[in-house]
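Visitor: I would like to learn how to read a model such as this one, beginning with the place where its chains meet. Could you take me through it step by step?

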Amino acid sequence: MLDARVRHHLGRFTLEAEFSLRTPWTVLFGPSGAGKSTLLRALAGLITPDAGRITLAGQTLFDSDAGVSVPPGKRSIGFVTQQAALFPHLTAHDNVAFGIRHLPQEERSRRIGEMLHVFGAEALADRKANRLSGGERQRVALARALAPHPRLLLLDEPLAALDDPSAEEILNRLLGLDLQVLYVSHDLAEIWRIPADVVLLEKGRVSEKGPLQQVLALRREHLLRQLGSSSPR
Amino acid sequence: MDLQALWLTLRLAATTALVLMAIAIPVAFWITTTRSRLRPLIEALTTLPLLLPPTVLGFYLLVLLGDRTFMGRAFAHWLGHPLAFSFSGLVIGSVIYSLPFAVQPLTTGFHSVDPALIEQARLLGAGRLRLLWEILIPLSVRSLVAAAVLCFAHTVGEFGVVLMIGGDIPGATRTLSIAIYDQVQDFSYAAANRTSLLLLAISLIALICLYTQQRHGERARA
């Protein structure tokens with residue numbers, strides 16, 4: 001359960017968002033430049049907001065009034081972006097192992113195998129990250145992010161650069177997991193079938209929130225009319 | 001051929017390169033990752049030896065390491081002999097003189113690592129030491145080799161600082177470049193020519209090794 005109130009200035013752009021995550025999946029939806037990535041980076045601790053408060057499962061991660069700011073590695077938050085950002089000099093196996101170095105050897109090996117299996121990447125274990133294709137990299141990046149059992153997974157358009165079948169397969173694998181996920185997208189077709197709440201972010205502010213199919217129904221109809229089709233994927 | 005001078009020069013260059021790597025890696029890491037207001041000052045201080053005339057640097061070090069200062073006396077007490085006119089003094093002078101040749105390539109190398117990788121390492125719980133050791137250093141090997149080779153080659157050709165701090169003591173502080181100076185003073189041009197060719201060859205070989213390694217690195221990445 002995440003509660004967030006964030007205010008952050010970036011030049012002339014101001015992000016001022018307040019929302020909570022109550023369902024396992026929440027989609028953060030909005031046009032490019034709405035502040036979605038900035039918001040995710042603030043939640044992950046990669047930027048320090050000017051003001052606000054962020055709590056996750058009762059733990060305060062950030063509180064500007066109290067001067068609290070938990071470092072990214074101690075927030076128990078996984079973060080995967082469109083750019084997989086795998087460590088290129090390490091194998092897929094060692095990339096997944098990176099965040100669970102503290103576990104005993106046996107448990108660590110079991111967890112790495114389990115995570116690679118979840119994303120259908122067992123065969124990639126011994127391959128160097130810089131020898132993997134785009135889809136393979138995203139599978140390993142997701143396995144790496146989930147290996148330390150994060151309490152929240154932040155996904156910033158992780159499937160945007162993949163072809164439709166690969167994206168769908170990976171999304172199905174993610175949907176099959178018991179996770180709390182905040183999923184950023186501006187692709188209505190991609191997110192429509194996800195059973196989730198949506199937080200609509202426009203010009204740095206939360207303009208609407210609620211069940212995804214309810215909040216975005218009008219936008220979908222408008223999109224369908226524009227496409228002249230009745231059955232989007 | 002002054003073999004003593006050759007051995008001393010190689011020993012000085014190798015020691016300087018090793019000491020500089022130990023100093024420059026943390027300094028470059030700090031410069032790369034800090035948000036401190038002191039950063040421009042530290043960057044300026046580490047670049048300063050590049051602009052200072054070697055004799056000026058040598059003079060200040062001679063005074064600083066001599067028995068007129070507390071530091072000089074403390075070193076002399078600790079080592080059992082004065083730092084000036086000793087091999088240890090030469091190493092200190094060479095380290096300071098070649099500092100920019102180590103810090104600059106390393107800072108450039110660390111800066112060229114994709115910030116997304118650094119963020120992922122932080123998200124996965126890596127502290128500063130692990131970030132340096134497991135991400136930045138392995139991804140900056142070419143810069144590391146460049147820094148070490150440049151420091152070695154730069155020290156091999158050093159003259160002003162070495163002469164000021166070490167003087168010209170055979171077997172203790174007389175390096176190849178000082179041997180050339182002595183040979184010219186004695187009008188032994190043939191000997192000076194041989195020693196100069198040797199210095200030229202050492203520097204050229206070091207640079208060929210550097211560029212060969214860089215080329216292999218490019219191929220491996222392609």
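Guide: Let us begin with the interface, keeping in mind that this is a predicted model. Here 12 residues of chain A are in contact with 13 residues of chain B, and the side of chain A that touches chain B holds eight nonpolar and four polar residues, with no charged ones.

Visitor: Which residues touch the most other members of the largest nonpolar core?

Guide: That core has 122 residues, and those touching the most other members are Val140(A), Ala143(A), Leu154(A) and Ala147(B). Its largest share, 12 residues, comes from helix α5 of chain B, which covers residues 87-111. To see one of these members in its surroundings, take Val140(A): once its neighbours within four places in sequence are left aside, its contacts include Leu86(A), Ala92(A), Val96(A) and Leu132(A), and also Asn95(A).

Visitor: At roughly what angle do the axes of α5(B) and α8(B) cross?

Guide: The axes of α5(B) and α8(B), the latter being residues 141-156, come within 8 Å and cross at roughly 160°. Because angles over 145 degrees count as roughly antiparallel, α5(B) is described as roughly antiparallel to α8(B). The crossing is right-handed, and the residues that make the contact include Phe101(B), Ala102(B) and Leu106(B) of α5(B), together with Ala147(B), Leu150(B) and Cys151(B) of α8(B). By class, the residues of this contact divide into nine nonpolar, seven polar and one charged.

Visitor: And how is the crossing of α2(B) and α5(B) handed, left or right?

Guide: The crossing of α2(B) and α5(B) is left-handed. The axes of α2(B), residues 39-51, and α5(B) come within 7 Å and cross at roughly 115°. On the α2(B) side the contact is made by Thr46(B), Thr47(B), Pro49(B) and Leu50(B), and on the α5(B) side by Ile96(B), Tyr97(B), Leu99(B), Pro100(B) and Val103(B); these residues divide into seven nonpolar and two polar, with no charged residue.

Notes. Residues numbered from 1 in each chain as written. Chains lettered and ligands numbered in written order. Predicted model: local features only at pLDDT ≥ 70, side-chain atom pairs only at ≥ 80, totals over all residues. Contact = placed C-beta atoms within 7 Å. Nonpolar A, V, L, I, M, F, W, Y, C, P; charged D, E, K, R; others polar. Core = buried A, V, L, I, M, F, W, Y, C linked by C-beta atoms within 7 Å. Buried ≥ 20, exposed ≤ 12 C-beta atoms within 10 Å, placed from the backbone. Helix = DSSP H or I, 4+ residues; strand = E, 2+ residues; numbered from the N terminus. Axes fitted to C-alpha atoms, helices over the stretch in contact; angles between N-to-C directions. Parallel < 35°, antiparallel > 145°, perpendicular 65-115°, else oblique. Left-handed = near helix turned anticlockwise from the far one by under 90°.
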